[in-house]
Amino acid sequence: MGFTEAAGPLRREILVHCYRMLGSAADAEDAVQEAFLRAWRGFDRFEGRASVRTWLYRIATNVCLRFVEQRARRVLPAGLGEPEQDWHLPARPAGAETRWVGPLPVDPAEVAGDRESVRLAFVAALQHLPARQRAALILRDVADLPADEVAAALGTTTVAVNSALLRARERIARETPDRSSMSDPESTEIKSQVLRYEAAFRQADVKALAAVLRDDVTLEMPPHATWFAGREAVLGFLGSRVLRRRFTVAPVTPPANGQPTIALYAGPDAHALQVLDVDRSGFRHVHIFLQPELFPMFGQPVTLASGRDLLS
């Protein structure tokens, strides 16, 4: 079997692995290209002591570790400080040096067995771990590699891997929701919640929005450093600063990170992508990426010529 036949079917899986490691679709694509080039060059020396999948994970992980050493950590606004208490104030832009965790197009069916592993909140939490802890956690708990293979990939011992895993799991457990609270985005109940949210945004209806937001909802808006926690603050800001205008709202398929995603247009122009975290009790996180440059990655037009653009 040649390299293309052996490695090609694994490319998407390795891309998502690199995305978890790096928190950026663009960085992940760069890492995959370098990893696959290294693998192609070394394929004639591949002895089959491990599976091709394990071998590719090892190469890609080491490429990602080098990327992490060379580049500043990516964050979401909540990683920069405390939530803003006064929603009357305008949102503050972050410094130009800030590197943001970004979304990745992921079909929910692609990760049906483990949706939490690509959720935006989980990927953002991973970026706070030391790089080798991050790698150990992803390789062991997400890629499901045995501890000895994880140790080989990281050039360390199983004892060191298990120690790193313990610390990583403790921190992730503190920073991300319990998996048992996660809901299937394809369920009728969740789809209904999302339709209500879309209608509230489309109609600039703050009362309707209040009905679907949880009490502990958070709102983040890269590239702004300002973020809000709690329904009162989130509604206050959206009502006074955002919903004074009407938006064209379009569902995005495939969505970001396997989560409900909508595109907002201000007139004909791309305005923001919203990545939503929702369960049966309502919306817990609203991520508004005020970055129109993300639209093409999700197959969304940057400028609407007509309403037909949203149906094509």
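What follows is a working chat about a predicted model of one protein chain.

Me: How many helices and strands are in the protein chain?
Reply: This is a predicted model, and its protein chain holds 11 helices and eight strands.

Me: And how compact is the protein chain for 312 residues?
Reply: Its radius of gyration is 20 Å, close to the 20 Å that the globule rule gives for 312 residues, so the chain is as compact as a globular protein of that length. Along the principal axes, the C-alpha atoms fill a box of roughly 60 × 40 × 40 Å.

Me: What share of the residues counts as buried?
Reply: Of the 312 residues, 51% count as buried, while the accessible surface comes to about 14400 Å², with 51% of that area belonging to carbon and sulfur atoms.

Me: How many positive and negative side chains are there?
Reply: There are 38 positive and 38 negative side chains, and the centres of the two sets lie 2 Å apart.

Me: Let's go inside. Which residues have the most contacts in the largest nonpolar core?
Reply: That core has 71 residues, and those with the most contacts inside it are Ile-14, Cys-18, Trp-55, Leu-56 and Leu-273. Helix α4, covering residues 52-70, gives the most to this core, with 10 residues. A second, separate core of 30 residues includes Leu-209, Val-212, Leu-276 and Val-278.

Me: What is Leu-273 in contact with, leaving aside its neighbours within four places in sequence?
Reply: With those neighbours left aside, the contacts of Leu-273 include Val-252, Thr-261, Ile-262 and Ala-263, and also His-287, Ile-288, Phe-289, Leu-294, Phe-295 and Phe-298.

Me: Now the arginines. Where is Arg-20 found, and is Arg-20 buried or exposed?
Reply: Arg-20 is found in helix α2 (residues 11-22) and is buried, with a relative accessible area of 7%. Beyond its neighbours within four places in sequence, Arg-20 is in contact with Ser-117, Val-118, Leu-126, Gln-127, Arg-134, Ile-138 and Val-142.

Me: And what is Arg-99 in contact with, leaving aside neighbours within four places?
Reply: Arg-99 lies in strand β2 (residues 99-100), and with such neighbours left aside it is in contact with Asp-27, Arg-71, Ala-72, Arg-73, Arg-74 and Val-75.

Me: Switching to the backbone, which residues does a cis peptide bond join?
Reply: One joins Pro-222 and Pro-223, with omega about 15°, and Pro-223 has its place in the loop between β3 (213-220) and β4 (227-229). A cis peptide bond also joins Thr-253 and Pro-254, where omega is about -5°, and Pro-254 lies in the loop between β5 (248-251) and β6 (261-266).

Me: What is phi of Asn-257, in the loop between β5 and β6?
Reply: Asn-257 has a positive phi of about 60° although it is not a glycine, and at 1% relative accessibility it counts as buried. Ala-204, found in the loop between α9 (188-202) and α10 (206-210), also has a positive phi, near 55°, but Ala-204 is partly exposed, with a relative accessible area of 22%.

How values were computed:
Residues are numbered from 1 along each chain as its sequence is written. This is a predicted model: local features need pLDDT of at least 70, side-chain atom pairs count only at pLDDT 80 or more; totals for chains, interfaces and linings use all residues. Side-chain values use heavy atoms; hydrogens and water are left out. A nonpolar core is a set of buried Ala, Val, Leu, Ile, Met, Phe, Trp, Tyr and Cys residues joined through side-chain atoms within 4.5 Å. Buried means under 20% relative accessible area, exposed over 50%, partly exposed in between (1.4 Å probe, protein chains only). Helices (H or I, at least four residues) and strands (E, at least two) are DSSP runs, numbered from the N terminus. Contact means heavy atoms within 4.5 Å. The radius of gyration is taken over C-alpha atoms; the globule rule is 2.2 Å times the number of residues to the power 0.38. Accessible areas come from the Shrake-Rupley method with a 1.4 Å probe; for residues, only the protein chains shown count as cover. Lys and Arg count as positive and Asp and Glu as negative; His and the chain ends are not counted. The place of a charge is taken as NZ of Lys, CZ of Arg, CG of Asp or CD of Glu.
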